[in-house]
Amino acid sequence: MAINLSPLIALLLVVACGNRDAPKVRATDTPVVAAAFSYADHLGWWHGRCLAISNDHITSGTPVTLIVTGTPQVVRSAKVGEHVNSGELCAALKGGRATANAKPDISFYALQADSIETTDMGIGITSTPITSTVVNGMVEASLLQDQHKNVFTTCATSEGMKFAVWVDKAYVGEPLWSGYYYLDYDTTPTCP
Amino acid sequence: MEGNAIAKTKSGISWVTWADAHAKNSTNIDDLVEPFRANAKAFIKALEDAGATVTKSTTKRSDKRAYLFHWCWRIGLGKAKASEATAMIGVDIEWDHGDAEKSKKGAKEMIDGFGLAVPPNSTNAPALNSNHIAGKAIDMDISWEDTIKIKKKDGTVVSVAFMSDVNKNSTLHSIGASYSVKKLTTDAPHWSFDGH
């Protein structure tokens with residue numbers, strides 16, 4: 001899962017330099033919030049009731065906010081369950097998918113959620129509850145609890161899915177975080 | 001379930017079991033077609049000779065499996081009527097249960113059983129044809145530590161640093177291309193005869 005921290009670093013520099021053109025940010029708040037949130041530790045992708053995330057130390061019962069990246073996007077609350085490593089419990093580990101998806105730095109967890117369909121998928125956030133709104137069918141939230149909103153996308157590649165979190169606008173610049181899900185079948189790309 | 005066209009079996013979860021037994025994708029490089037098979041073997045040999053670890057996943061995909069994926073996706077999601085499904089020799093499935101809801105339910109069981117994804121805004125079902133189905137593509141994970149020296153097809157040796165995002169490793173892509181094994185830069189494991 002690729003992580004781009006440059007927007008965060010840029011934000012901290014802006015605060016430190018006191019650029020008068022920069023958005024108004026309370027300097028005392030930002031570093032504290034930023035230090036508390038690690039994208040890699042807290043963001044993952046999920047399909048059905050299975051979460052893939054670069055964090056092997058999530059305790060069972062940890063709350064997770066699920067962005068269901070359908071049309072429109074919706075937000076669901078769930079809890080992280082136990083580690084899973086079988087295709088019976090995790091679609092991402094079925095058959096030929098396992099080789100490509102089960103990377104050493106990725107852990108798979110069951111999701112405890114009532115209102116999730118087997119075909120649902122999207123991005124999961126394990127952290128304190130996220131305040132979000134839905135604008136034009138897309139969820140908006142501020143992961144750093146600053147003046148920037150984050151938006152969430154899922155699109156198809158030739159044989160997989162790409163998940164990403166963006167600052168302010170989708171598909172503009174580099175994503176803050178992205179993840180790739182290998183499907184092991186051919187489909188028509190929808191990614192821009 | 002294989003047999004004549006008269007004894008068709010209705011769509012449903014049993015077809016997932018059937019496909020896992022009779023319509024599996026291959027991970028064997030020998031199932032690829034020439035000249036891509038020889039080209040892929042030569043590229044992998046060059047990688048391994050240089051010290052890289054190559055983990056192959058899918059080579060040739062089953063056309064029967066792709067057929068089942070395609071039509072269960074379309075029917076199960078209500079994007080096609082069961083009566084619209086084409087037939088395929090060797091897959092004696094009856095998509096039409098004689099009742100639209102039952103047909104949809106049978107197909108949906110297969111979507112769930114196969115673990116198919118439903119991308120947002122997508123009206124495109126899993127493909128019936130592809131380079132994998134034609135035996136002209138391979139999915140593989142290539143890893144090494146630091147920098148290694150890999151021999152191109154013309155014999156020249158190129159130093160290549162490992163990059164965690166293989167899609168961005170253009171030096172590696174150029175070495176693969178020298179063997180006519182071309183990288184698709186949207187899907188990390190995917191290499192093919194034409195880059196698609």
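What does chain A average in pLDDT, and what percentage of the residues score at least 70? I began there since this is a predicted model, and I found that chain A averages a pLDDT of 83, with 81% of the residues scoring at least 70.

**Confidence along chain A**

Where pLDDT is low, the predicted coordinates should not be read in detail.

**Strand S7 of chain A and its partners**

I looked up strand S7 (residues 121-125) of chain A and noted that 5 of its 5 residues are buried, so this strand is largely enclosed by the rest of the structure. Strand S2 (residues 43-47) of chain A runs antiparallel to S7(A) and is joined to it by 5 bridges, with A:Leu43 standing opposite A:Ile125 of S7(A). Strand S4 (residues 63-68) of chain A is likewise antiparallel to S7(A), here through 4 bridges, and A:Leu66 stands opposite A:Gly124 of S7(A). In a regular strand the side chains alternate between the two faces of the sheet.

**The nonpolar core**

Which residues have the most contacts inside the largest nonpolar core? I find 88 residues in this core, and those with the most contacts inside it are A:Leu51, A:Leu111, B:Leu68 and B:Cys72. The largest share of the core, 8 residues, comes from H3(B).

**Helix H3 of chain B**

I turned next to helix H3 (residues 63-76) of chain B and checked its length: at 1.5 Å a residue its 14 residues should span 20 Å, and the end C-alpha atoms are 19 Å apart, which agrees. H3(B) is mostly covered, with 12 of its 14 residues buried; among them are B:Leu68 and B:Cys72, together with B:Tyr67, B:Phe69, B:Trp71 and B:Trp73. What covers the buried residues of H3(B) includes helix H1 (14-22), helix H4 (100-114) and helix H5 (131-134) of chain B. After H3(B) comes B:Gly78, whose phi is positive, near 75°.

**Chain B overall**

For chain B I recorded 6 helices and 8 strands, and from the N terminus on the elements run β-α-α-β-α-β-α-α-β-β-β-α-β-β. The C-alpha atoms of chain B fill a box of roughly 65 × 35 × 25 Å, taken along the principal axes. Of the 196 residues of chain B, 39% count as buried. Among the contacts in chain B with a separation of 6 or more, 70% are accounted for by residues 24 or more positions apart.

I also traced an open sheet of 4 strands in chain B, which has the order S2-S4-S8-S7 with antiparallel pairing. Strand S2 (53-56) and strand S7 (182-183) of chain B stand at its edges, each with a single partner strand, so one side of each is left without a neighbour in the sheet. S7(B) pairs with strand S8 (residues 190-192) of chain B in the antiparallel sense over 2 bridges, and the bridge partner of B:Lys183 in S8(B) is B:Trp191.

**Where the chains meet**

How many residues does the contact take from chain A and from chain B? I noted 32 residues from chain A and 30 residues from chain B. On the side of chain A that touches chain B, helix H4 (97-101), strand S10 (150-156), strand S11 (160-167) and strand S12 (177-182) of chain A each supply at least two residues, and the largest share, 3 residues, comes from S10(A). By class, this side of chain A has 13 nonpolar, 15 polar and 4 charged residues.

**A:Gly160**

Is A:Gly160 buried or exposed? This residue of strand S11 of chain A has 26 C-beta neighbours inside 10 Å, and as 20 or more make a residue buried, A:Gly160 counts as buried. Leaving aside neighbours within four places in sequence, I found A:Gly160 in contact with A:Tyr180, A:Tyr181, A:Tyr182, A:Leu183 and B:Asp187. The C-alpha atoms of A:Gly160 and A:Pro189, 29 residues apart along the chain, are separated by 8.6 Å.

Definitions and conventions: Residues are numbered from 1 along each chain as its sequence is written. Chains are lettered from A and ligands numbered from 1 in the order in which they are written. This is a predicted model: local features need pLDDT of at least 70, side-chain atom pairs count only at pLDDT 80 or more; totals for chains, interfaces and linings use all residues. Two residues are in contact if their C-beta atoms, placed from the backbone, lie within 7 Å. Ala, Val, Leu, Ile, Met, Phe, Trp, Tyr, Cys and Pro count as nonpolar, Asp, Glu, Lys and Arg as charged, and the others, Gly among them, as polar. Two strands pair if DSSP finds at least two bridges between them. The expected span of a helix is 1.5 Å times one less than its number of residues. pLDDT is the predictor's confidence in each residue, from 0 to 100. A nonpolar core is a set of buried Ala, Val, Leu, Ile, Met, Phe, Trp, Tyr and Cys residues joined through C-beta atoms within 7 Å.
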